[in-house]
Amino acid sequence: MGRRLVPLTLDNLPDLPKRCRSCVFWELDPVSGEAAAQAGKPELEKEAWISAVLLEWGSCGRVAYVDEVPAGFVLYAPPAYVPRSMAFPTSPVSPDAVQLMTSRVLPGYQGQGLGRVLVQTVAKDLVRRGFKAIEAFGDARWEEPGCVLPADHLTAVGFKTVRPHPRYPRLRLDLRTTISWKEDVEMAIDRLLGAVQKEPALRPL
């Protein structure tokens, strides 16, 4: 089974689920998001957001493929690029952290560890780029796939609650910049993915 993780770009944006390609929940503030939906152009807003973040900050997502079929994705960015985060009762995201916005493993590929691998790949990228932590808003009453990740999933992959809330706790994953931690992440990804065709930019320096 061939598996690979590649950076999200405008070229592979169409590989995201249709609902996610046209979702600007995180990318716009509530008022702008509603306006984009009413104007019938959320896909264009999504493309514009990804383009801007890529140009100004760099890679902001990963897409997982299994046998060249899209199997999941993850989106992340500094909180300054995530206007919706300020609408949460447990905001703001810490200034030293990058926000994990959303992640999805598609039906048929769930239960294989891909969700954990996506988070670990983000961690590996951010350690390389010098960031200290990842934070995310969790949904403590999660019932079905949506833009906010289940709080239980976040804790299962290593996040700790830093601001409790009955519905939307804020959680944090500290990125220890020791060599041993980097090696642990490498080993975990390799073990879960098997033979991964890694992108050159993610190879250890």
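Predicted model: local features only at pLDDT ≥ 70, side-chain atom pairs only at ≥ 80, totals over all residues.
Local features were considered only at pLDDT of at least 70 and side-chain atom pairs only at pLDDT 80 or more, whereas totals for chains, interfaces and linings use all residues. Residues are numbered from 1 along each chain as its sequence is written, and side-chain values use heavy atoms, with hydrogens and water left out.

The chain contains six helices and eight strands, taken as DSSP runs numbered from the N terminus (helices: H or I, at least four residues; strands: E, at least two). From the N terminus on, the order of elements is β-α-α-α-β-β-β-α-β-β-α-β-β-α. Of the 205 residues, 48% count as buried, that is, under 20% relative accessible area, with exposed meaning over 50% and partly exposed in between (1.4 Å probe, protein chains only). The accessible surface, calculated by the Shrake-Rupley method with a 1.4 Å probe, comes to about 10100 Å², and 54% of this area belongs to carbon and sulfur atoms. Among contacts (heavy atoms within 4.5 Å) with a separation of 6 or more, 70% join residues 24 or more positions apart.

In soluble globular proteins, nonpolar side chains tend to be buried together. In the present model, the largest nonpolar core has 52 residues; such a core is a set of buried Ala, Val, Leu, Ile, Met, Phe, Trp, Tyr and Cys residues joined through side-chain atoms within 4.5 Å. Trp-49, Leu-100, Leu-126, Ile-134 and Phe-159 have the most contacts inside this core. Elements supplying at least two residues each include strand 1 (3-7), helix 3 (42-56), strand 2 (61-66) and strand 5 (133-139), while helix 4 gives the most, with eight residues. Apart from residues up to four places away in sequence, Leu-100 touches, among others, Val-74, Tyr-76, Val-119, Ile-134, Glu-135 and Phe-159.

Glu-135 is placed in strand 5 and counts as buried because its relative accessibility is 1%. Beyond neighbours within four places in sequence, the contacts of Glu-135 include Val-93, Ser-94, Leu-100, Phe-159, Arg-170 and Arg-172. Lys-46, in helix 3, is likewise counted as buried, at 4% relative accessibility. Its contacts, again not counting residues up to four places away, are Cys-20, Arg-21, Cys-23, Val-24, Glu-27 and Leu-75. Lys-46 and Glu-27 lie 19 residues apart in sequence, with a C-alpha to C-alpha distance of 7.2 Å.

The largest pocket holds about 340 Å³ of space. Its lining comprises 17 residues, of which Ser-103, Arg-104, Val-105, Gln-110 and His-153 lie nearest the centre. Strand 4 (97-105), helix 4 (114-128) and strand 6 (149-150) each give two or more residues to this lining. The search also finds two cavities of 30 Å³ or more. The second largest cavity has a volume of about 40 Å³, and its lining includes Asp-15, Pro-17, Val-63, Phe-73 and Leu-106. Strand 3 (residues 69-77) gives the most to that lining, with four residues.

Key:
1 Å grid on protein atoms, 1.4 Å probe; cavity = no way out; pocket = protein on both sides within 12 Å on 5 of 7 lines; lining within 4 Å. Points joined across faces, edges and corners; volume = space filled by probe spheres on them.
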